[in-house]
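Here is a short report on one protein. Please look over its sequence and fold first, then read on.

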Amino acid sequence: ANIPGVTRQLRWIKAGDELYVLDAPGVLPSSLEDQVAAQNLAICNDIGKASYLESTIASLFIERVRGLPTAPDIVKAFEQRYKIPLAE
């Protein structure tokens, strides 16, 4: 499931002609001391939204994307898709 805490059993999902993904319930500690790990989980929507401020995580994600070698292409696609500029 796309929402943390919803998956209750193992489920195989076909993601391509020869690719299957196993959706399984996960177990996370009640608190994460490693903030980078917590941020990564939030970016992937793997922890509940009550645990973080969405605008902060969105901003962090954009900054991480800007550090990638293909950042200009990704930023352009994002701006075209969502019709909003990403200020420097």
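Buried means under 20% relative accessible area, exposed means over 50%, and partly exposed lies in between (1.4 Å probe, protein chains only). With that scale, Asp 23 is buried, at a relative accessible area of 14%.

**Basis and confidence**

This is a predicted model, in which local features need pLDDT of at least 70 and side-chain atom pairs count only at pLDDT 80 or more, while totals for chains, interfaces and linings use all residues. Residues are numbered from 1 along each chain as its sequence is written, and side-chain values use heavy atoms, with hydrogens and water left out.

Confidence is given as pLDDT, the predictor's score for each residue from 0 to 100. The protein has a mean pLDDT of 85. In 91% of its residues the value is 70 or more. Helices (H or I, at least four residues) and strands (E, at least two) are DSSP runs, numbered from the N terminus. Confidence is highest in helix H2 (residues 54–66), with a mean of 91. It is lowest in S2, with a mean of 87.

**Salt bridges**

A salt bridge is a side-chain nitrogen of Lys or Arg within 4 Å of a carboxyl oxygen of Asp or Glu. How many salt bridges does this rule give? The count is three.

| Asp 23 | Arg 11 | 3.5 Å |

Take Asp 23 and Arg 11, which form a salt bridge. Asp 23 lies in strand S2 and Arg 11 in strand S1 (residues 11–14), so the pair ties together parts that are 12 residues apart in sequence. Asp 23 is buried. Arg 11, by contrast, is partly exposed, at 44% relative accessible area.

Glu 54 is partly exposed, with a relative accessible area of 47%. Lys 49 is partly exposed too, at 49%.

Where do they sit relative to each other in helix H2? They are three residues apart, so about one helical turn separates them. Arg 66 is partly exposed, with 22% relative accessible area. Glu 63 is partly exposed as well, at 46%.

A nonpolar core is a set of buried Ala, Val, Leu, Ile, Met, Phe, Trp, Tyr and Cys residues joined through side-chain atoms within 4.5 Å. Which residues make up the largest nonpolar core? It has five members: Leu 41, Ala 42, Ile 47, Tyr 52 and Ile 57. Contact means heavy atoms within 4.5 Å. Setting aside neighbours within four places in sequence, Ile 57 is in contact with Gln 39, Ala 42, Ile 43 and Tyr 52.

Tyr 20 lies in strand S2 (residues 20–23). At 47% relative accessibility, Tyr 20 counts as partly exposed.

**Loops and backbone**

Ser 30 is in the loop between S2 and helix H1 (35–43). Is Ser 30 buried or exposed? Ser 30 is exposed, with a relative accessible area of 81%. Ser 30 and Ile 84 lie 54 residues apart in sequence and 36 Å apart in space, C-alpha to C-alpha.

Asn 45 is not a glycine, yet has a positive phi of about 60°. Asn 45 sits in the loop between H1 and H2. Its relative accessibility is 22%, which makes Asn 45 partly exposed. Lys 83, also not a glycine, has a positive phi near 55°. Lys 83 lies in the segment after helix H3 (71–82). Lys 83 is exposed, at 69% relative accessible area.
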